[in-house]
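Please look over the sequence and the structure shown below before reading on.

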Amino acid sequence: MATLPNPLPRLAADPSGRVLGLELPPGSLIDATDDGPWHEPLLWHAGRPASSGNWARLGSPGARAGLLPVLVDVGGTQGGPEEWELMPGEMSYPGDHDAEEVLAEFWGDEDADDELDGMLAPFGPQWPGLAAAPRLTADPDARAAEVADSLLEEGSWFKEPRLALVPARRSADIPAAIGWGGPLNHETDTARLCAVLRSWEDRFGIRVVALTFDQLVLSVAAPPTTAAEAEEVAAEHFAFCPDNIAQGHHDTLREYAEHDVLGRRIWSFWWD
């Protein structure tokens, strides 16, 4: 995968991050993959739980240093990123893929399953195309900081959240940059899904806010505001992550659009 120069090795000699213009708490550089140590760190994450304001405090300075923020959960049953069997060597470059072609391919694959008859209404077997971009209603980075803080509130599904910094060109590239294999049963090259995230970044102002072993959480600065818009976006979600609907709480794409897409500032995806 084509990447920017990685600033993380400089933290080995200066864990405080001052050499990069940062003031970091104690943390860990992660280079563990499913095939042994990577040749350079894939991410840094703090050694203490994230708290409100961490994202805003470290995110902007980190971005200036070439490091983008994301929350990682180190307390799940699969442990933290060093135990996630990351696969950076298997990733291509998100910019080499076309988002609509990727989604159309997935839509065709899923539509071939007879058990999904009726689930895709109001759409049929033909890929319906990309949803139009709604009006941007919030600053994407400010929305990301807001959502990150909300995930840390009492009752959140996070077990042990840590703020992480990842060398990536844009937020949409973070999963591929670390070789994240959460969607492995759906797509082995996460960069193809990151091409879709790039398109959502452009159209809906998304940011990759959180990762667990198999879950991806996005902030949304421009969510759809009508039922028809939400259904078009829900079709993209289904192609991107069919388990959200096929194994979720809603029987149809239309129900999913109403409850999980319309006006929602957080989109969450889970792959079985």
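**Aromatic pairs and the cores**

A count of aromatic pairs gives 11, where rings of Phe, Tyr and Trp (its six-membered ring) pair if their centres lie within 6.5 Å, planes under 30 degrees apart being stacked, over 60 edge-to-face and the rest tilted. One of these pairs is formed by Trp-180 and Trp-271: the ring centres are 5.9 Å apart and the planes stand at 75 degrees, so the pair is edge-to-face. Trp-180 lies in the loop between helix 5 (174–177) and helix 6 (190–204), whereas Trp-271 belongs to the segment after strand 9 (266–270), and the two are 91 residues apart. Here helices (H or I, at least four residues) and strands (E, at least two) are DSSP runs, numbered from the N terminus.

The model is predicted; local features need pLDDT of at least 70, and side-chain atom pairs count only at pLDDT 80 or more, while totals for chains, interfaces and linings use all residues. Residues are numbered from 1 along each chain as its sequence is written, and side-chain values use heavy atoms, with hydrogens and water left out.

Trp-180 and Trp-271 are both buried, a term that stands for under 20% relative accessible area, with exposed meaning over 50% and partly exposed in between (1.4 Å probe, protein chains only). Trp-200 and Phe-269 form a stacked aromatic pair, with 5.6 Å from centre to centre and 25 degrees between the planes. Because Trp-200 lies in helix 6 and Phe-269 in strand 9, this pair ties together parts that are 69 residues apart in sequence. Trp-200 and Phe-269 are also buried. One aromatic cluster is formed by Trp-180, Trp-200, Phe-204, Phe-240, Trp-267, Phe-269 and Trp-271.

Several of these names return in the nonpolar interior. In soluble globular proteins, nonpolar side chains tend to be buried together. The largest nonpolar core has 58 residues, and those with the most contacts inside it are Leu-197, Trp-200, Leu-216, Phe-240, Trp-267 and Phe-269. Such a core is a set of buried Ala, Val, Leu, Ile, Met, Phe, Trp, Tyr and Cys residues joined through side-chain atoms within 4.5 Å. Apart from neighbours within four places in sequence, Leu-197 is in contact (heavy atoms within 4.5 Å) with Ala-172, Pro-175, Ile-206, Val-208, Leu-216, Leu-218 and Phe-240. A second, separate core has 24 residues, among them Leu-11, Leu-24, Leu-58 and Ala-145.

**Strand 4 and its partners**

In a regular strand the side chains alternate between the two faces of the sheet. Strand 4 (residues 43–46) is covered on both faces: Leu-43 and His-45 on one side, and Trp-44 and Ala-46 on the other, are all buried. Strand 4 pairs in the antiparallel sense with strand 1 (residues 27–30) over 4 bridges, pairing being counted if DSSP finds at least two bridges between two strands. Within this pairing, Trp-44 is the bridge partner of Leu-29. Strand 4 also pairs with strand 6 (residues 161–167), again in the antiparallel sense, over 2 bridges. In strand 6, Leu-165 stands opposite Trp-44.

**Charged side chains**

Side chains of opposite charge can pair when their charged atoms come close. The whole structure contains 12 salt bridges, each defined as a side-chain nitrogen of Lys or Arg within 4 Å of a carboxyl oxygen of Asp or Glu. One of them joins Arg-192 to Glu-105, with the closest N and O atoms 3.2 Å apart. Since Arg-192 lies in helix 6 and Glu-105 in helix 3 (residues 99–111), the pair ties together parts that are 87 residues apart in sequence. Arg-192 is buried, at a relative accessible area of 14%, whereas Glu-105 counts as partly exposed at 41%. Arg-192 also meets Glu-187 in a salt bridge (2.9 Å, N to O), and Glu-187 counts as buried at 10% relative accessibility.

Another salt bridge brings together the side chains of Arg-254 and Glu-231 (3.1 Å, N to O). Arg-254 lies in helix 9 (residues 253–261) and Glu-231 in helix 7 (residues 227–240), so this pair ties together parts that are 23 residues apart in sequence. Arg-254 counts as partly exposed at 40% relative accessibility, while Glu-231 is buried at 14%. Finally, salt bridges that share partners join Asp-141, Arg-170, Glu-201, Asp-202 and Arg-207 into one network.
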